[in-house]
Amino acid sequence: MQKIMAVNAGSSSIKFQLLSMPEEIVIASGLIERIGLEDANVTIKYNDKKHEAVQPIKDHAVGVKLVLKMLIELKIVDSLEEITGVGHRVVQGGEFFQDAAIINEAVIQKIADLKDLAPLHNPAHITGIKAFQEALPKVIQVAVFDTTFHQTMEKETFMYATPYEYYEKYGVRKYGFHGTSHNFVAQECAKLLNKKDSKIIICHIGNGASLCAVKDGKSIDTSMGLTPLEGIPMGTRTGNLDPTLIDLISTKENKSVNDILNVFNKKSGYIGISGVSHDARDLTKGMNEGNERCKLAFDIQAKRIVDYIASYYVLLGGCDAICFTAGIGENVWHLRENIINRLAVLGAKLDTEKNKTVYGSQELISHKDSKIKVFVIPTNEEVMIARDVIKKMA
């Protein structure tokens with residue numbers, strides 16, 4: 001038995017799970033938010049218990065030391081020596097990382113070199129990595145990249161029709177994200193289908209959302225691009241739009257490019273259309289109370305999702321299964337219904353009553369007469385990270 005930490009460090013947060021491997025049992029999970037402030041929030045869940053605290057946490061190094069100290073104080077582990085590996089989620093691995101990588105100075109430098117492709121994420125990941133290296137200097141540390149799963153895409157799929165030298169000089173291309181989640185769901189779906197030569201379309205719908213076409217276990221296309229802004233509308237992101245909007249809004253609103261990209265990333269999608277919230281629960285409440293803009297936000301997203309599913313159906317040459325995952329995909333039954341009802345032309349049909357009862361559990365929700373199986377499959381990125389750590393330790 002190995003105890004592995006799966007870590008996702010943000011610019012002001014640290015999310016983690018401690019897992020027992022290879023049993024894939026969660027021993028504890030936790031989240032530190034508002035790092036750098038006097039009122040940082042600390043939450044750790046273990047053995048059906050929950051520990052919460054509010055205290056100053058100066059930086060990630062202090063946050064990591066606090067997490068490790070609490071693991072001992074709460075008797076989750078007897079000694080830090082029980083932790084034999086740490087896996088770090090890294091958003092952008094570019095074309096350089098085709099697989100998870102054992103972290104050394106060269107790997108850290110390469111992650112830093114890719115910061116232009118993920119300016120908000122990669123520097124934060126490095127901060128988290130260095131904090132854990134300092135706290136657990138003898139423990140193997142592994143970087144697991146969101147982009148790796150999508151490195152199987154063909155050039156005709158990942159290239160943009162911009163001048164080719166932009167690709168050669170700056171790495172301008174589609175990379176895709178949520179790869180760890182898409183990989184996990186693809187593997188789970190293949191087991192349910194009991195076939196390896198499967199054609200699967202995955203809808204990872206959370207505050208961030210992306211689709212992926214998976215053929216025989218490999219990603220052949222995905223909706224996010226150079227950054228997570230491309231694709232379908234999300235909680236706060238626009239998804240695809242005409243790039244000339246940047247010049248139009250810049251002129252009309254007297255905003256800089258960075259200002260506009262901030263709006264496209266943080267003030268659009270659900271919140272932009274509804275004017276209510278980026279949270280699907282708030283939009284559902286508003287829709288049920290007759291707010292047309294809340295309904296419109298869901299309808300726009302559903303329509304764009306169906307656009308991708310239809311194109312992936314053609315790309316795959318058919319489809320064995322459509323899978324819904326992540327917070328909204330797993331829990332918002334009316335959005336699943338909205339999407340699948342639009343796919344009747346492909347022979348997809350929901351078990352309407354079954355669909356309404358599924359919240360965050362693995363279930364087949366398609367009708368027995370459906371030509372495409374439809375599943376809800378809860379994602380587990382932390383388990384995938386821990387699996388990669390175990391592989392690298394072998």
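Q: Which residues form one aromatic cluster?
A: This is a predicted model, in which local features need pLDDT of at least 70 and side-chain atom pairs count only at pLDDT 80 or more, while totals for chains, interfaces and linings use all residues. Residues are numbered from 1 along each chain as its sequence is written, and side-chain values use heavy atoms, with hydrogens and water left out. Rings of Phe, Tyr and Trp (its six-membered ring) pair if their centres lie within 6.5 Å, and planes under 30 degrees apart count as stacked, over 60 as edge-to-face and the rest as tilted. One aromatic cluster is formed by Phe96, Phe97 and Phe145.

Q: How many residues apart in sequence are the parts that the pair of tyrosine 270 and phenylalanine 298 ties together?
A: The ring rule gives a count of 7 aromatic pairs, and one of them joins tyrosine 270 to phenylalanine 298 edge-to-face, at 5.4 Å centre to centre with 70° between the planes. Buried means under 20% relative accessible area, exposed over 50% and partly exposed in between (1.4 Å probe, protein chains only); tyrosine 270 is buried at 1%, and phenylalanine 298 is buried at 1% too. Helices (H or I, at least four residues) and strands (E, at least two) are DSSP runs, numbered from the N terminus. Because tyrosine 270 lies in helix α9 (residues 269–274) and phenylalanine 298 in helix α11 (residues 292–316), the parts tied together are apart in sequence by 28 residues.

Q: What is the bridge partner of alanine 101 in β8?
A: Strand β8 (residues 140–145) has 5 of its 6 residues buried, and two strands count as paired if DSSP finds at least two bridges between them. Strand β6 (residues 83–90) runs parallel to β8 and is joined to it by 6 bridges, with valine 86 partnered by glutamine 141. Strand β7 (residues 101–102) pairs with β8 in the antiparallel sense over 2 bridges. In β8, the partner of alanine 101 is alanine 143.

Q: Which are the edge strands of the open sheet of 6 strands?
A: The order of this mixed sheet is β11-β10-β9-β12-β14-β13. β10 pairs with β11 in the antiparallel sense over 4 bridges, and alanine 213 stands opposite aspartate 221 in β11. Each edge strand pairs on one side only, and these strands are β11 (218–222) and β13 (363–364).

Q: Which residues does threonine 180 touch, not counting residues up to four places away in sequence?
A: Threonine 180 has its place in helix α6, and α6 (residues 179–193) lies across β9, β10, β11, β12 and β14, running at about 135° to β9. Such axes are lines fitted to C-alpha atoms, for helices over the stretch in contact, with angles from 0 to 180 degrees between N-to-C directions. Threonine 180 counts as buried, at 8% relative accessibility. With contact meaning heavy atoms within 4.5 Å, threonine 180 touches Val144, Phe145, Asp146, Glu381, Met384 and Ile385.
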